[in-house]
Amino acid sequence: MQIKCNVLDRQFEMFQAEYEAAALRVLRSGWYVLGSEVSAFEEAFAAYTGRNYCIGLNSGLDALILSVRALGIGAGDEVLVQSNTYIATVLGITENGAVPVFVEPDEYYNIDTAKIEAAITDRTKAILVTHLYGQASQMTPIVEIAQKHHLELIEDCAQSHGACFDGQMTGTFGRAGCFSFYPTKNLGAFGDAGAVVTDDEALADKLRMMRNYGSRVRYHNEIEGVNSRLDEMQAALLRVKLLHLDALNAERTVLARRYDEMITNPKILLPRRREGAESIYHQYVIRCTAREALQAYLAQKDIQTQIHYPIPPHLAACYQHLGYHQGDYPIAEQYADEVLSLPMYTGMTKEEQCYVIDCLNAF
Ligand SMILES: *Cc1c(COP(=O)(O)O)cnc(C)c1O
């Protein structure tokens, strides 16, 4: 049996009639970028997250870059970020000339809240929290620390659509919640898309200008903007998927429980569940000290797995100039050497999953 790490077309097939109707509606509308479909999706996603405003953008990376920029964070400013996050989180900082200051993760793969305060300096302007793999970070102390030190709080929710901490939706704890709708995300489009949610009217207004060349009124460019517009097609398709997001997340939870219960190989460390932070399992990430051997073994059995992520940002080639070395963030480095994401996708059959589990247990 061949098992891919991710399969996107089964999700499409589940709601095919709805997607096709939405796509045709856009094609026939004669209006393709920033229109009524975008507004309708923004309204629906703001309501879903419980925030006042949603600004649709081109990508999750843009959501991060523009949020940092709109909050006035730039050259020389420091932003705290966990050392095992995806490169895009860090690019959201460095793209503005600001400096990422890494904080090691906890055993749930999110920022270790006990290590945040030691990383704060006079130049720290913000904490950028990633709810990695779909599990919310420990937000109570993070919010407290941000308030105490007058820091902005920005959330990278690219992997946490619908994930909550103590019943509160991720993306609603800080000033801005940044989402990606890249096709593989839990709320994925059929191309690139992203959004910021916020309760801050001024920030929403600024982001709306920034995404469209810095203008509120066409050709009246009030600030230096970019082109990060969301198109009508993605917005219309996202609105369809949003209706099913909770059910799709619930399906992943069922798959995760089966992995939790049936993987019994002592060489494999299963993901831990943080009290009060039910994961939406964007990835189901195990750890194994013999990760390379395990991945190769699974590949032999025709099971595809992925590594999120093999190189922590401080060791990425693009950040050599920051001057970090192997050993600077040992926990992130250890995770990079040991993590493995198992196949997990909408429409995964019990038979497929049990084959993966049997192979994992036989390793
Ligand atoms: C996917 C992702 C992003 C970037 O989103 P894009 O839409 O690909 O630009 C940012 N942060 C995290 C944690 C992600 O997983």
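Modeller: A residue counts as buried under 20% relative accessible area, as exposed over 50% and as partly exposed in between, with a 1.4 Å probe and protein chains only. This is a predicted model, in which local features need pLDDT of at least 70, side-chain atom pairs count only at pLDDT 80 or more, and totals for chains, interfaces and linings use all residues. Residues are numbered from 1 along each chain as its sequence is written, and side-chain values use heavy atoms, without hydrogens and water.

Colleague: How are the rings of Phe15 and Tyr19 arranged as a pair?

Modeller: Searching the whole structure gives 19 aromatic pairs (Phe, Tyr or Trp rings, the last by its six-membered ring, with centres within 6.5 Å; planes under 30 degrees apart are stacked, over 60 edge-to-face, the rest tilted). Between Phe15 and Tyr19 the centres lie 6.4 Å apart and the planes meet at 75 degrees, so the arrangement is edge-to-face.

Colleague: Which helix holds both Phe45 and Tyr48?

Modeller: These two rings are stacked, at 6.2 Å centre to centre with 15 degrees between the planes. Phe45 is buried at 0% relative accessibility, and Tyr48 is buried at 18%. The two residues are 3 apart, about one turn of the helix, and both lie in helix H3.

Colleague: Which residues form one aromatic cluster with Phe45 and Tyr48?

Modeller: The cluster takes in Phe45 and Tyr48.

Definitions and conventions
Helix = DSSP H or I, 4+ residues; strand = E, 2+ residues; numbered from the N terminus.
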